[in-house]
Amino acid sequence: MISRNDKTSELLDVFRRMWLIRAFEEKASLLYAERQIAGLLHLSIGQEAVAVGACSLLRKNDYVFGGHRSHGHAIACGADINKLMAELAGRTTGYCGGKGGSMHIVAKETGFITATGVVGGTIPLALGAAFAAKERKNGQLAVVFFGDGAGQAGAFHESLNIASLWKLPAIFVCENNGYAEFTPLSAHTKVERLAQHAETYGIVASTVDGNDLLAVRAVMTGAVKKCRNDKGPVFIECLTHRLRGHYEGDPAKYRELAQLLEWKKQDPIVRVERVLRKKKLATSRDLEAIEAEARTLVEKAAEFALTSPLPAAEEIVRDVMA
Amino acid sequence: MLPKTSRESLLELCRRMFVIRHFEESLVPLHDKGVFGGHYHLYIGQEATGVPAISCLRADDYLFTTHRNHGHLLARGADPKKLFAEILGRADGLNKGKGGSFHSVAPSLGFLHSSGVVAGIIPLSTGTAYAAKAQKNGRITVCLFGDGSLEEGAAPEAFNLASLYKLPVLFLCENNGKYGAGRAAAAAQSSTMAAYPLTDLPRAYKIPAQQIDGMDAGLVHATISDAVEKIRGGKGPQFIEAQTVRYPGSETNWPTVPQPTDTSLAWDVGSVPEKAREWYRSCDPVLIFIRELVEAKQATKEEVAGIERQVKIDIAAAVEFAVNSPYPKPQEAERDFFAQS
Amino acid sequence: MRELAYYEAKFEALDEIMASDQRVHLINGTFLSLSPHRHVFQNLKQKYGERMVAPPISELGFCGLATGAAMAGLRPIVDLSTGSFIYEAWPQVANEAANAFSMSGGQTRVPVVFHLFHGLRGGGAAQHSGSPQGMLWNCPGLEIAIPSSPRDVKGLLKSAVASDNPTIFVDHTRLLDIRGEVPENDKPIPFGVADVKRAGRDVTVIATSYTVQVALRAAATLAQEGIEAEVIDPRTLVPFDLATILQSVEKTHRVVIADETHQSCGVAAEVAARIAESGFDKLKAPIRRVSTLDVPVPYSPPLEAHIGPSEERISDAVRATLA
């Protein structure tokens with residue numbers, strides 16, 4: 001359903017961003033296969049509705065923290081995909097001059113403060129940003145994205161406790177994609193809904209269909225309002241599924257094909273398209289144009305990245321200290 | 001209420017409570033005189049939790065304890081002479097003087113490692129439980145820790161593992177701050193823990209959890225016996241929060257003894273300084289226990305006083321032993337930090 | 001000149017820092033340890049209570065909180081109290097705070113100060129006597145300040161807070177009561193500038209933290225034997241002032257390094273390596289290290305005394321280099 005608050009133009013914008021993430025990551029996957037991207041590449045294909053749904057409701061001066069699977073979060077915040085692709089390819093024109101790579105994206109101008117290669121590593125950091133935001137009393141807030149795997153980290157629990165005690169304007173967005181790295185959540189905890197942990201610490205929590213853009217936006221709207229009015233923190237658990245492996249090249253043998261096919265039917269992009277068509281907000285042609293535009297932009301980003309220089313050896317001693 | 005057990009057992013529980021009480025009351029002046037250094041923590045006020053709880057265990061069960069470990073070791077039957085010597089850093093100590101109050105151990109009694117890090121033992125306790133389960137030897141592990149440990153991420157991490165792997169471990173949380181320093185009365189939330197009641201934390205992991213009065217030896221005995229039976233029966237971890245009222249001598253950074261314990265106080269607290277009197281009147285678990293013993297006619301006042309007298313003699317001898325025990329040779333510092341194969 | 005106790009100078013620094021910079025927050029507060037002077041800290045609470053918090057026992061959580069707050073523009077000083085407790089927060093200190101600036105290509109600044117009390121403190125046993133600065137020196141991206149005098153603690157704490165980098169502020173409870181000159185309106189002490197605590201011609205003794213005080217006592221004893229030791233305190237490990245040390249070695253040709261980290265990969269090891277690499281031709285004797293022996297710190301007083309960099313061990317090492 002489309003709420004009254006979702007104006008057509010805004011919804012199409014948000015939808016465009018979902019396609020931008022999808023196209024970006026599909027291209028990244030190809031470049032990875034061609035060995036243009038080093039290390040490990042974690043894709044969020046299938047989870048775009050969470051990143052876009054949540055970030056589309058933020059202000060530029062809010063703080064957003066991601067994890068190891070965070071290209072989507074950065075793009076949802078409005079990151080420049082040229083610099084992002086260049087970073088993935090380790091080029092000097094990348095967001096971090098090539099020193100960060102896929103897992104350490106920073107796009108400060110968009111509010112995307114940092115990603116991390118450590119599971120749960122940014123949860124306490126978001127707490128700090130929320131702490132700083134609360135001090136300023138200007139309605140700023142912090143959002144942190146993490147997976148269900150982080151729910152078993154001590155830092156996660158300590159952060160929920162502190163956020164609750166100090167009523168910090170933090171929104172914890174747990175993308176429960178059912179798998180922590182290579183094993184299903186049930187192998188990591190007996191807790192089915194990570195939102196339960198938040199409730200234990202007295203934090204308002206809800207679980208939503210993370211593949212439903214409009215549902216994510218609806219619950220996020222309420223969370224943002226709460227935090228801006230100093231009524232935080234809020235915990236949102238988004239049930240979703242990554243359609244790729246844990247990282248590119250992961251054969252994902254732990255997952256049944258039938259299950260994957262079932263989730264493919266729930267593809268968040270397809271679901272928004274269905275709504276847009278049904279409500280006659282966009283024709284098939286419009287939708288095709290949006291996809292084509294995203295793919296063109298991504299092709300350009302890839303070209304930008306691959307024609308950018310790799311950093312010179314002297315760079316290693318630079319930027320070690322401020 | 002009194003534990004449902006034989007008269008002999010009740011008198012032995014009584015004796016062990018006295019051992020803890022007089023051991024620690026003797027410790028405080030030794031520290032004040034500079035006989036040993038470093039920080040240390042008293043178990044006084046929690047005897048009716050530790051003594052009956054530990055009496056429910058099998059001889060080969062594992063126990064993990066914290067910086068507040070003297071009571072647990074003594075309840076399990078550790079030699080007071082060796083524990084004193086350890087705290088004084090002597091060669092005859094439980095750890096040959098290398099552990100001190102924080103880290104006193106007694107492997108033969110199941111205490112493999114005592115940690116001075118808050119919550120440091122909680123993950124370790126899941127490790128021994130995991131091993132026991134793998135070896136199918138029927139041993140359980142009891143992890144004894146304070147309420148502050150629950151603020152550490154290590155605690156939920158360990159609860160999660162224990163629940164997930166259905167480990168034979170009893171998490172016995174001794175909340176000695178029921179009305180104590182830094183905590184408002186029980187109905188209010190603490191300034192450092194958002195979860196209330198504390199049993200919500202293990203329950204989130206589907207670990208059965210209950211809150212009990214830790215000053216009621218009979219209730220502790222019944223609850224722990226039941227939990228131990230379930231755990232040994234393969235039903236996975238259990239969590240029990242035993243609430244006690246903090247000993248007034250532990251409310252300062254460095255422990256004090258507001259009033260040396262004596263059996264006579266069970267019926268007359270007139271000699272206790274007024275500030276601490278209420279605790280001795282209604283919250284001192286040792287005095288509660290001996291009152292119940294006498295009221296139930298399991299022992300006369302004279303018998304109880306006799307037990308206490310002998311404990312005092314034993315403790316005095318233990319102090320004497322420890323003070324006269326030699327310090328380890330300096331070269332000992334360079335030994336025993338790698339196991340020899 | 002005005003004389004202050006170390007704890008007074010440290011308190012004065014905190015007071016002036018809190019007054020002059022509203023971005024500074026104190027996360028946890030045992031800056032005066034469990035010393036008899038800890039009540040002094042209450043004065044700060046009255047003045048700046050709204051910028052001071054007492055977190056739960058959650059090092060991992062609150063060190064991350066401080067690091068994130070620093071990324072978002074605050075200048076938190078987070079107190080870990082006992083130095084070994086930083087191991088509970090290792091993921092946040094060593095893997096997030098230290099790497100953030102470099103990993104982001106120079107974008108994310110992390111002006112956080114991690115304050116801790118390291119070292120042998122009497123009965124601390126193996127879990128409360130850690131000197132993690134050696135390990136932390138192995139984490140590029142962290143600055144490390146390590147004062148030894150009232151004047152230094154004040155001046156270095158100010159520079160630590162002013163720094164745009166995550167800084168480890170390594171203190172020692174045994175310093176809290178020593179007295180020394182602290183000029184009024186003293187300037188912050190810049191990082192990377194060593195201080196010659198005692199001049200001498202025969203041997204260069206490099207020491208840090210409380211061991212500087214021990215080395216000065218050893219130097220006084222040695223002077224009675226006609227040996228003049230020059231005692232140098234680097235004051236910060238990162239950045240490290242090698243030039244001042246090499247100048248001294250040029251004159252003395254002999255080096256003893258005294259420090260409380262464990263010997264292997266400890267502070268003395270790194271200092272020795274740097275001198276050997278850059279000043280080998282100036283040396284007339286092997287460099288000697290007086291570090292904490294490579295064993296977990298034992299509890300018993302004589303054992304503890306045996307493993308630390310004592311006056312006797314320092315004096316013996318000095319005599320050995322001259323033999």
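This is a predicted model: local features need pLDDT of at least 70, side-chain atom pairs count only at pLDDT 80 or more; totals for chains, interfaces and linings use all residues.

Reply: Two strands count as paired if DSSP finds at least two bridges between them. Helices (H or I, at least four residues) and strands (E, at least two) are DSSP runs, numbered from the N terminus. Residues are numbered from 1 along each chain as its sequence is written, while chains are lettered from A and ligands numbered from 1 in the order in which they are written.

Start with the sheet. In chain C, seven strands make an open sheet with mixed pairing. Their order is E3-E2-E4-E5-E7-E6-E12. The edges belong to strand E3 (52-53) and strand E12 (236-238) of chain C. Each has a single partner strand, so one side of each lacks a neighbour in the sheet.

Now one pair inside it. Strand E6 (residues 143-145) and strand E7 (residues 167-171) of chain C pair in the parallel sense, over three bridges. C:Glu143 has C:Thr167 as its bridge partner in E7(C).

A helix covers part of this sheet. H3(C) packs on the sheet and touches strand E2 (24-27), strand E4 (75-82) and strand E5 (113-117) of chain C. Contact means that the C-beta atoms of two residues, placed from the backbone, lie within 7 Å. The direction of H3(C) makes about 160° with that of E4(C). Axes are lines fitted to C-alpha atoms, for helices over the stretch in contact, and angles run from 0 to 180 degrees between N-to-C directions.

H3(C) also has a helix beside it. The axes of helix H3 (residues 59-71) and helix H4 (residues 90-103) of chain C come within 9 Å and cross at roughly 15°. That makes H3(C) roughly parallel to H4(C). The cut-offs: under 35 degrees is roughly parallel, over 145 roughly antiparallel, 65 to 115 roughly perpendicular, and the rest oblique. H3(C) passes H4(C) in a right-handed crossing. A crossing is right-handed if the near helix is turned clockwise from the far one by less than a right angle, and left-handed if anticlockwise.

Who meets whom? H3(C) brings C:Leu60, C:Cys63, C:Gly64, C:Thr67 and C:Met71. H4(C) answers with C:Pro91, C:Gln92, C:Val93, C:Glu96, C:Ala97 and C:Ala100. By class, this contact has seven nonpolar, three polar and one charged residues. Here Ala, Val, Leu, Ile, Met, Phe, Trp, Tyr, Cys and Pro count as nonpolar, Asp, Glu, Lys and Arg as charged, and the others, Gly among them, as polar.

The axes of helix H1 (residues 6-20) and helix H6 (residues 150-162) of chain C come within 8 Å and cross at roughly 25°. That makes H1(C) roughly parallel to H6(C). H1(C) passes H6(C) in a right-handed crossing. The H1(C) side of the contact is C:Tyr6, C:Ala9, C:Lys10, C:Glu12, C:Ala13 and C:Ile17. On H6(C) stand C:Pro150, C:Arg151, C:Val153, C:Lys154, C:Leu157, C:Lys158 and C:Val161. The classes here are eight nonpolar, no polar and five charged residues.

Next, the neighbours. The contact of chain C with chain B takes 23 residues from chain C and 28 residues from chain B. H3 and helix H10 (301-307) of chain C are the elements giving two or more residues to the side of chain C that touches chain B. H10(C) gives the most, with five residues. This side of chain C has 14 nonpolar, nine polar and no charged residues.

Chain C also meets chain A. That contact takes 34 residues from chain C and 33 residues from chain A. On the chain A side, E2, H5 and helix H6 (154-165) of chain A each supply at least two residues. H5(A) gives the most, with nine residues. The chain A residues that touch chain C divide into 19 nonpolar, ten polar and four charged.
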